[in-house]
Amino acid sequence: MTDVRWGILGAGWIVQQATGAALRSAHGSSLRAVAARDILRAESVGAARAVTDYRSVIESDDIDAIYIALSNEAHLPWILAAIEAGKHVLCEKPLTLSPQDTAKAFDAAEQAGVLLVEAVWSRWHPRTERIVELCRSGDLGEIETYLGTFTFPAVPPGNYRLDAKRGGGALLDVGIYPLHVLAACLPDAAFRLLSVERHDVYGVDLTTRATLEWAHGRASIACSFEMPESQRLVIGGSHQTVSVDDDQAFTSWRTHSSLTIGAHRETFEPVDAYQQMFEAVSGRIRGDDAWVMPRHESERVAGMVEVIQQRSA
Ligand SMILES: NC(=O)c1ccc[n+]([C@@H]2O[C@H](COP(=O)([O-])OP(=O)(O)OC[C@H]3O[C@@H](n4cnc5c(N)ncnc54)[C@H](OP(=O)(O)O)[C@@H]3O)[C@@H](O)[C@H]2O)c1
């Protein structure tokens, strides 16, 4: 079958840094158009055409799927607009700012018969897939402990991440990575929030620490815009523990990676998990059975985020 024809909304950091090139390289995918408010930024992504009008991309007859890379508050309106125009949608994380809006977006996609996927790219990384498989298979035994951190020291002034009205804050930006892996590793667990510690400036959380428990264990999550760079992931089972060997648990990109399971080490070839994500979504649009982030995982994590936000409000 022919390539899935993609359009991108937004040409900010993530598109410039990684996803524009990943989409250009993705098999079964063709990058037709990019829209950004600044035409020079749109042109720099290297699509067949560049425009400044988001709507003209979603309404183009030569586009099958839209990748939304806009700031968080703009996700829902452009998801709904793209769906209304009959397009499949891959939207950056967090898909929306609430579980209610996430359900609304998936309902709209289902009614329109199009695919909607949240772009939590690290879930397509083979190392993450392996961790999830180890947890779900019972190879680690009963999962009893989970430590996931995603912290970095600063966000530039003026960035949407520091604006509550625009979906800012560390939890929505990076906290959702360890939450997604936790939810994937324990698909049937009923999580209960034990505690939250939060440090706010400008009305957004610069740091959130949360402890959750389920029937057999406890998870500790830390995310921050004001702590040293760190992405740890350690999962303790009743038989053995798995941990990533680098400090890049959620952003390993085009580099060798590894994990340690008990006394044993497994290594992974460099991959571009963004490219794998685009290939999987294009595959699904063409009717393949490639794995894509399912609705229930996005909704479950959106629910966990809401519980953490409400406790700390
Ligand atoms: N998967 C990942 O690894 C990863 C990493 C970073 C970010 N992200 C996600 O990608 C999205 C964009 O993040 P980013 O770091 O690329 O953001 P950024 O560099 O700050 O760019 C902001 C984006 O928001 C758009 N935007 C729309 N209205 C805006 C307004 N009034 N003011 C400022 N920007 C506006 C911009 O569109 P124009 O281009 O049209 O100006 C641009 O695409 C977020 O949802 C974030 O969570 C994902």
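Trainee: In what kind of crossing, left-handed or right-handed, does H1 pass H8?

Mentor: The crossing of H1 past H8 is right-handed. Keep in mind that this is a predicted model.

Trainee: What makes H5 roughly antiparallel to H9?

Mentor: Again, the angle. Helix H5 (residues 99-112) packs on helix H9 (residues 295-312) at about 165 degrees, with 8 Å between the axes. The cut-off for roughly antiparallel is over 145, so H5 gets that label relative to H9. The crossing of H5 past H9 is right-handed.

Trainee: Which residues of H5 and H9 are in contact?

Mentor: H5 supplies Pro99, Thr102, Ala103 and Phe106, while H9 supplies Arg295, Ser298, Glu299, Ala302, Gly303 and Glu306. Sorted by class, the H5 and H9 contact has four nonpolar, three polar and three charged residues.

Trainee: And why are H6 and H7 called oblique to each other?

Mentor: Helix H6 (residues 126-137) and helix H7 (residues 170-185) cross at roughly 40 degrees, with axes that come within 8 Å. Roughly parallel would take an angle under 35 degrees, so H6 and H7 end up as oblique. Thr128, Ile131, Val132, Cys135 and Arg136 of H6 meet Val181, Ala184 and Cys185 of H7. That contact has six nonpolar residues, one polar and one charged.

Trainee: On to the domains. How do you know that the ligand lies between domain 1 and domain 2?

Mentor: Both domain 1 (4-120) and domain 2 (126-270) give residues to the shell around the ligand, so the ligand lies between them. There are 21 residues around the ligand, and Gly10, Gly12, Trp13, Ala36 and Ser71 come nearest. The shell divides into 10 nonpolar, five polar and six charged residues.

Trainee: How many residues does each domain put into the contact between domain 1 and domain 2?

Mentor: First the spacing: the centres of domain 1 and domain 2, taken over C-alpha atoms, are 26 Å apart. The contact takes seven residues from domain 1 and seven residues from domain 2. On the domain 1 side, they divide into three nonpolar, two polar and two charged.

Trainee: What makes the bond between Lys93 and Pro94 worth a flag?

Mentor: The peptide bond joining Lys93 and Pro94 is cis, with omega about -15 degrees. Pro94 sits in the loop between strand E5 (88-92) and H5. It stands out because most peptide bonds are trans.

Trainee: And what is flagged about the phi of Tyr202?

Mentor: Tyr202 has phi near 55 degrees, a positive value in a residue other than glycine. You'll find Tyr202 in the loop between strand E8 (192-201) and strand E9 (204-214). The flag is there because most residues other than glycine have a negative phi.

Key: Residues numbered from 1 in each chain as written. Predicted model: local features only at pLDDT ≥ 70, side-chain atom pairs only at ≥ 80, totals over all residues. Near = placed C-beta within 6 Å. Nonpolar A, V, L, I, M, F, W, Y, C, P; charged D, E, K, R; others polar. Domains from an automatic or database assignment. Contact = placed C-beta atoms within 7 Å. Axes fitted to C-alpha atoms, helices over the stretch in contact; angles between N-to-C directions. Helix = DSSP H or I, 4+ residues; strand = E, 2+ residues; numbered from the N terminus. Parallel < 35°, antiparallel > 145°, perpendicular 65-115°, else oblique. Left-handed = near helix turned anticlockwise from the far one by under 90°.
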